Amino acid sequence: MSFTLMFQRTLTVVSLAQMEESCLHRKLLPAVWLCSLLAAQVNSCPHACSVCSGPDNDLCKECKTGWILHNYTCVDIDECGTELGTCSPNTYCFNIEGSFECRGCDVACVGCMGSGPARCRKCAPGYRMIGSKCFDIDECVERALACHGLDEICFNTEGSFRCHCAEGFIRKDSICVRKQLPNVQEKGMFEDLQDDEVEVLQQMFLGVVLCGLATLAAKGDLVYTSIFMGAAAAMAGYWLSYRVDGVLDIFLKGR
């Protein structure tokens with residue numbers, strides 16, 4: 001057998017061995033991963049434990065921050081009942097698992113012991129304590145002149161009130177003044193009269209004047225008698241000329 005042939009057979013044997021080893025590793029990897037996962041689950045501690053002898057809650061040896069060990073069980077510490085739960089003014093302590101939160105008081109409160117207007121230490125301005133709860137004060141009802149201007153209307157708000165100008169008024173320089181209406185030229189008393197209506201009014205006026213002159217002439221005053229006779233003659237002449245013009249127009253139109 002030649003050296004070359006022996007070398008090729010050796011390479012073939014080595015390649016087959018490597019392939020078998022690779023297949024064996026591929027089959028073992030899922031099994032190893034599954035065993036590791038099971039071991040991790042078996043050896044994992046409850047979320048409150050930092051050191052334990054088993055996965056059960058009563059097998060804890062040491063607890064995480066915010067918890068205390070009691071009979072091998074980690075119990076949550078209520079920081080709000082200790083000096084640990086210190087919150088800033090107008091907030092209150094709210095306990096959560098392993099820690100605490102500082103939450104804001106209700107708007108009706110100045111300092112509080114919990115949420116809502118029934119847990120206030122003191123009521124905020126604009127609120128009044130009734131029983132054990134802070135209620136909004138309706139300043140528009142309780143104050144006779146909540147708004148100083150006579151043309152202002154009071155509107156109650158939560159904890160306060162607002163003053164708005166009445167209809168037809170606007171605020172200017174912190175006071176309510178009447179709105180300026182656009183300038184509209186006023187019409188005269190007789191601008192809308194028709195021509196025939198003007199003529200009737202003129203005749204009525206002349207009739208009144210004649211009656212006045214007739215009354216004065218009846219007293220025997222020659223001056224007023226002369227004026228009355230002249231006015232009557234002028235009125236008669238005007239009436240006759242108007243009638244004659246009308247008759248002529250009708251006659252000419254008829255032709």
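On this tour, "buried" means under 20% relative accessible area, "exposed" means over 50%, and "partly exposed" is what lies in between (1.4 Å probe, protein chains only). You're looking at a predicted model, in which local features need pLDDT of at least 70, side-chain atom pairs count only at pLDDT 80 or more, and totals for chains, interfaces and linings use all residues. Residues are numbered from 1 along each chain as its sequence is written, and side-chain values use heavy atoms, with hydrogens and water left out.

**Stop one: Cys-147 and Cys-163**

Select Cys-147, which is buried at 8% relative accessible area. Cys-147 sits in the loop between α2 and β9 while Cys-163 belongs to strand β10 (residues 160–165), so the pair ties together parts 16 residues apart in sequence. Helices (H or I, at least four residues) and strands (E, at least two) are DSSP runs, numbered from the N terminus.

**Stop two: Cys-140 and Cys-154**

Here's another disulfide, again with sulfur atoms 1.9 Å apart. At -75° about the S-S bond, the link is left-handed. Cys-140 is partly exposed at 25%, and Cys-154 is partly exposed at 23%.

**Stop three: Cys-63 and Cys-74**

Now pick Cys-63 and Cys-74, joined by a disulfide with an S to S distance of 2.0 Å. Cys-63 is in strand β2 (residues 60–63) and Cys-74 in strand β4 (residues 73–76), so the bond ties together parts 11 residues apart in sequence. Both cysteines are buried. How many disulfides are there by this rule? The count comes to 11.

**Stop four: the cores**

A nonpolar core is a set of buried Ala, Val, Leu, Ile, Met, Phe, Trp, Tyr and Cys residues joined through side-chain atoms within 4.5 Å. The largest one has 10 residues, among them Tyr-92, Cys-105, Ala-108 and Tyr-127. A second, separate core of seven residues includes Cys-49, Cys-60, Trp-67 and Cys-74.

**Last stop: Phe-94**

Select Phe-94 together with Arg-103, which lies over the face of the ring, 3.7 Å from its centre. For a charge to sit over a ring, NZ of Lys or CZ of Arg must be within 6 Å of the ring centre and within 35 degrees of the ring normal.

Technical notes. Disulfide = S-S within 2.5 Å.
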